[in-house]
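Reader: Please show me the model first. I will then ask about the contact between its chains.

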There are 2 protein chains.
Amino acid sequence: MTSRPGLSLAQRKRQLVADELTEAALQLLALRGFDGVTVDEIVAAAGVSKRTFFRYFASKEDVVVQFLADMGTDMCAELASRPAGEPPSTALLRTVLVPLTTCGAHSEKALPLVRLILRTPALHARFLERQAQWREGLSTELARRLGLDPAADLYPHLAAGMALTAFDTVLWRWSESEAGDDPTELAEQAFAVIGTSLDTVG
Amino acid sequence: MTSRPGLSLAQRKRQLVADELTEAALQLLALRGFDGVTVDEIVAAAGVSKRTFFRYFASKEDVVVQFLADMGTDMCAELASRPAGEPPSTALLRTVLVPLTTCGAHSEKALPLVRLILRTPALHARFLERQAQWREGLSTELARRLGLDPAADLYPHLAAGMALTAFDTVLWRWSESEAGDDPTELAEQAFAVIGTSLDTVG
DNA sequence: CGCACCTTGACACCAAGTGTCATGCGCGAC
DNA sequence: GTCGCGCATGACACTTGGTGTCAAGGTGCG
């Protein structure tokens with residue numbers, strides 16, 4: 001899930017431990033809820049010490065939420081790779097579709113995880129914090145594309161925020177749906193609403 | 001700041017203690033940063049026990065952020081009070097203006113507070129969480145106004161999210177500005193961008 | 001006066017993190 | 001081969017946020 005191939009030998013062991021930890025954690029958390037599990041239990045299940053846990057994850061929340069950092073860089077990369085002439089609305093739709101399609105593709109695992117995050121206040125807070133970081137990245141990239149000064153123009157920040165608002169809405173709606181709507185379809189619906197202003201620059 | 005007049009006698013003592021606590025806390029936090037101050041120091045400064053602190057505030061963050069709850073209800077009230085025929089963009093602008101004008105009016109106190117919140121990860125996370133609650137309230141109110149089903153239509157959630165995105169952008173920009181731009185002016189700028197899609201329902 | 005209620009403080013306790021140090025293991029240099 | 005270096009780990013003590021519990025004090029009321 002978080003694997004990035006082609007790294008040094010010693011760092012692959014790190015990945016292994018990290019995966020072991022996240023797997024153990026996710027299983028327990030899905031079962032008994034975020035507050036119902038202590039990190040001591042998690043590390044016992046994974047067979048490492050508590051100190052090691054905190055060498056891999058900055059907090060108990062991070063073990064659930066850390067993968068979002070990768071998604072943020074993925075989104076930025078996608079936005080950066082979109083053709084220069086493309087209108088912001090479609091470029092941002094494509095950007096937001098990156099995490100959303102992977103959600104849709106692995107819904108068996110992703111849906112419970114999303115539900116856990118959105119329904120646990122502590123996790124939701126961290127999730128929103130990450131999203132704020134995404135917003136920074138997207139807005140600077142957007143400013144670069146359009147030749148705007150992100151410190152002077154409100155547009156980049158606003159546009160990035162709107163795209164993430166759409167993302168949020170889709171995710172929330174998806175997490176509430178019983179059988180699982182198609183997130184990509186929902187995203188298109190959402191962008192049909194917000195797209196108008198996205199492309200009305202100036 | 002948090003005072004709500006016309007309450008019972010005994011509950012006014014509560015307000016007093018709460019104010020004492022927040023004042024002591026804000027002073028220390030502004031001075032040494034959020035992580036540089038322990039709640040033991042805060043309660044020592046306020047002259048109460050640690051246990052009492054947590055009887056008034058659910059967490060250390062809450063002593064900084066609790067007043068946001070009131071702002072949320074204020075915004076909902078404002079939105080509910082807007083005339084029925086008013087287009088969503090102006091109704092939401094008016095809604096967002098409620099906290100923003102008070103910020104502008106008390107910038108000497110509000111600006112450092114906003115900066116503290118936006119620059120402290122833990123506080124920022126809580127802030128965003130509160131905002132998510134605002135979003136719930138605003139979207140249901142919006143759905144009521146427009147006769148939409150908030151569980152079926154994406155629009156209410158999206159519109160509320162866009163309004164809060166504008167709010168966020170304004171607040172962020174305001175907190176970065178040296179001499180303090182006018183938040184209400186910034187809000188109008190922001191709504192000039194997002195307004196287009198806000199009023200294009202269906 | 002006595003009673004009930006509410007607030008507070010003291011204290012013990014749990015869970016999340018962090019600093020520190022010693023151990024162990026792989027790996028290259030000699 | 002082995003010496004030694006670096007790195008990951010574990011053990012442990014400690015700080016801090018946060019909660020449960022209980023006993024004491026104040027206040028209003030019959």
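**The interface of chain B and chain A**

Author: In this predicted model, 30 residues of chain B are in contact (heavy atoms within 4.5 Å) with 30 residues of chain A. Residues are numbered from 1 along each chain as written, and chains are lettered from A in the order in which they are written. Local features need pLDDT of at least 70 and side-chain atom pairs 80 or more, while totals for chains, interfaces and linings use all residues; side-chain values use heavy atoms, without hydrogens and water.

Reader: How much area do chain B and chain A bury between them?

Author: Buried area is the accessible area (1.4 Å probe) that two parts lose on being put together, summed over both. Carbon and sulfur atoms carry 68% of it here. The total for chain B and chain A is about 2,700 Å².

Reader: Which residue of chain A forms a salt bridge with Arg135(B)?

Author: A salt bridge is a side-chain nitrogen of Lys or Arg within 4 Å of a carboxyl oxygen of Asp or Glu, and the rule finds 2 across this interface. In the one with Arg135(B), the closest N and O atoms are 3.5 Å apart. The partner is Asp168(A).

Reader: Which helix gives the most to the side of chain B that touches chain A?

Author: Helices are DSSP runs (H or I, at least four residues), numbered from the N terminus. H8 (121–146), H9 (155–176) and H10 (183–198) of chain B each supply at least two residues of that side. The most, 11 residues, come from H9(B).
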